[in-house]
Amino acid sequence: MNMIADAFLKEVKKETNSYIKNIDSLIGMSSIPDNHIDLVLTDPPYNIADAGKLTKIGNKVVSNKEAWGNDFQDKWETLDQYYEWLKPFISEYVRVMKDNGSMILFLDRKYTGLITHYIERDFDLNFKNKIYFHKNNPLPHMRKNNYRSSIEEAVWFTKSKQYQFNFGIQSEMTQVYKGNIGHGKNTKHPTEKYSWMIEPLIKNHTKEGDVILDSFSGSGAIVYQALKTNRKAIGFEKSKKFYDMSKQHITSKQLSINFE
């Protein structure tokens with residue numbers, strides 16, 4: 001009996017440890033129990049990898065296509081094709097989320113409204129709000145034929161009418177967060193989210209000891225911020241390059257996490 005109990009406790013401990021796996025997240029999420037995750041916070045591909053859009057890596061401005069590389073899929077022919085690709089991930093999010101859990105997705109601002117409509121149509125989730133991230137120092141516009149790109153967006157859904165939300169000081173509880181870009185990234189990942197984007201979301205939507213899932217962990221920025229704030233984190237990253245990047249950074253900070 002003791003051997004059985006020991007094996008059970010070992011398995012439970014393994015399930016609740018923080019980890020990042022170098023694996024496709026649809027495969028990885030299949031091992032997560034139902035109703036296990038407090039917050040899904042993730043930055044899936046946006047369908048924006050083209051030569052006409054710019055991003056910044058370190059001090060260098062490059063096209064999105066150059067930043068991602070030819071081996072990285074972030075381009076679909078139509079929005080419907082993109083959404084059909086995204087749907088199985090959302091289905092898994094719904095399964096693994098606790099009843100009082102939330103899901104926050106970063107999405108291309110052009111399509112947040114339509115994808116929100118599709119998600120409400122196809123899943124038993126409650127749309128709560130959009131969240132905006134204002135860049136104080138957006139990249140210059142090379143062609144000067146449009147506004148400078150200074151906003152990123154995320155959408156917030158809950159699984160039920162009762163959900164975890166830590167309302168703080170009134171002045172801080174707006175849906176707009178502001179910060180600078182170009183400095184403060186920890187790796188060379190082209191779309192690493194800044195701490196000023198991630199920390200408030202973790203603070204507002206979870207408590208210490210909660211479990212956060214990032215199914216597209218990339219540089220590990222979300223996992224890193226979760227660990228820093230005494231949360232547990234599960235991440236999946238299919239790219240070996242980005243997985244190694246996250247491993248190097250997070251292990252250098254001596255945070256408690258397994259890399260598998």
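Which residue forms a salt bridge with Glu153? In this predicted model, the partner is Lys130, with the closest N and O atoms 3.4 Å apart. The pair links distant parts of the chain. Glu153 sits in strand E7, residues 151-158, and Lys130 in strand E6. The two are 23 residues apart. Glu153 counts as buried because its relative accessibility is 9%, and the limit for buried is under 20%.

Glu152 forms a salt bridge with Lys193, and here the closest N and O atoms are 3.3 Å apart. Lys193 lies in the loop between strand E8 (176-179) and H6, while Glu152 lies in E7, so this bridge ties together parts that are 41 residues apart in sequence. Are these two residues buried or exposed? Both Lys193 and Glu152 are buried.

In total, the structure holds 14 salt bridges. One of them joins the side chains of Arg121 and Asp122, at 2.8 Å from N to O. Asp122 is partly exposed, with a relative accessible area of 29%.

Now turn to the rings. A pair of aromatic rings is described by the distance of the centres and the angle of the planes. The count here comes to 15 aromatic pairs. Tyr82 counts as buried because its relative accessibility is 2%. Trp85, at 22%, counts as partly exposed. Ring pairs also link Tyr82 and Trp85 with Trp76, Phe89 and Phe216 into a cluster.

Strand E6 leads on to a pocket. The second largest pocket has a volume of about 190 Å³. It is lined by 14 residues, and the closest to its centre are Asn129, Trp156, Phe165, Thr174 and Gln175. Two elements give two or more residues to this lining: strand E6 (126-135) and helix H6 (195-205). Which element gives the largest share of the lining of the second largest pocket? That is E6, with 4 residues. By class, the lining has 7 nonpolar, 5 polar and 2 charged residues.

Methods: Residues numbered from 1 in each chain as written. Predicted model: local features only at pLDDT ≥ 70, side-chain atom pairs only at ≥ 80, totals over all residues. Heavy atoms only, no water. 1 Å grid on protein atoms, 1.4 Å probe; cavity = no way out; pocket = protein on both sides within 12 Å on 5 of 7 lines; lining within 4 Å. Points joined across faces, edges and corners; volume = space filled by probe spheres on them. Nonpolar A, V, L, I, M, F, W, Y, C, P; charged D, E, K, R; others polar. Phe/Tyr/Trp six-rings, centres within 6.5 Å; stacked < 30°, edge-to-face > 60°. Buried < 20%, exposed > 50% of the residue type's maximum accessible area, 1.4 Å probe, protein only. Salt bridge = Lys/Arg side-chain N within 4 Å of Asp/Glu carboxyl O.
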